[in-house]
Amino acid sequence: MPTQGIDGKVALVTGAARGIGQGLALRLAQDGADIAVLDLEENACAETVDQIAQLGRKAIAIGADVSKRDEIYAAIARTEEELGGFDIMVNNAGIAQVQPIAEIEDGEVDALFDINVKGVLWGIQAAAAKFKERGHGGKIINASSIAGHDGFPILGAYSASKFAVRGLTQVAAQEYAKDGITVNAYCPGIVGTSMWEDIDRRFHELTGAELGATYKENVEGIALGRAQTPEDVANLVSFLASPDSDYITGQAILTDGGLVYR
């Protein structure tokens, strides 16, 4: 059932060509929002844009590197110009890295933090500036993770990047509250997407575990008994984008089926 209060809003979702980001973009479109679909390559956004059009909402594809501050500011300006407004920012884009701490190299951690941390920072900054310029509040929703609540072995740098997202979310919520801007994060668990296929393959390379075994073991640890879907994550993001969440800010909410408990 569509979430009330989102109809007619304009949202930008980063990393929306596939996986969780695509699920978020489609859910917000089902809720009645028009969507700017952003990914590194504009052509990769075509499928998501087409599906949004089939739902009867407007959508545009934007190619941008979220680690580049100027490109995020430009993407938001284009969103406003082509879709006629700007109300919701979903900083979803992210990458994973599976590496023991002893083996992490300089370039690897830089690449991870450029996307997972800088991408969120620039998205918060640019979205808040545009909301203030337009003279209204807004919703900023960031991608953290269960690994932003608990550190996981062989995911040290990734966990650190998602802890950083929680910190940025808390600080931004305090700094922008006076402007009517809420800032929250969603923390998925084991989602059946290509990112987890990559994680599973890397665990196979590092530990000798059979392909599929790491994913299966983690899914078996979920209290609700199944892997998460992008739609599960989208249910929470839809709520955080709606007026029903107006009195919630600075939170990093777990949506993992029962893996990490806070």
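User: Which domains is the chain divided into?

Analyst: Happy to walk you through it! In this predicted model, domain 1 covers 10–189 + 229–247, and domain 2 covers 191–227. Their C-alpha centres lie 24 Å apart.

User: How many residues does each domain bring to the contact?

Analyst: Domain 1 gives 18 residues and domain 2 gives 11. They count as being in contact because they have heavy atoms within 4.5 Å of the other domain.

User: How much area do domain 1 and domain 2 bury between them?

Analyst: About 1100 Å² is buried between the two domains, with 70% of it on carbon and sulfur atoms.

User: Why is the pair arginine 226 and aspartate 232 called a salt bridge?

Analyst: Good one to check! The closest N and O atoms of arginine 226 and aspartate 232 are 2.7 Å apart. The cut-off is 4 Å between a side-chain nitrogen of Lys or Arg and a carboxyl oxygen of Asp or Glu, so this pair qualifies. Between domain 1 and domain 2 the count is 1 salt bridge, alongside 4 residue pairs in polar contact.

User: Which helices each supply at least two residues of the side of domain 1 that touches domain 2?

Analyst: Helix H1 (19–30) and helix H8 (230–241) do. The largest share, 3 residues, comes from H8.

User: What classes of residue make up that side of domain 1?

Analyst: There are 11 nonpolar, 5 polar and 2 charged residues on the side of domain 1 that touches domain 2. The 2 are called charged because Asp, Glu, Lys and Arg are the residues counted in that class.

How values were computed: Residues numbered from 1 in each chain as written. Predicted model: local features only at pLDDT ≥ 70, side-chain atom pairs only at ≥ 80, totals over all residues. Heavy atoms only, no water. Domains from an automatic or database assignment. Buried area = accessible area lost by both parts, 1.4 Å probe. Polar contact = N/O pair within 3.5 Å; in protein donor to acceptor, adjacent residues only side chain to side chain. Helix = DSSP H or I, 4+ residues; strand = E, 2+ residues; numbered from the N terminus.
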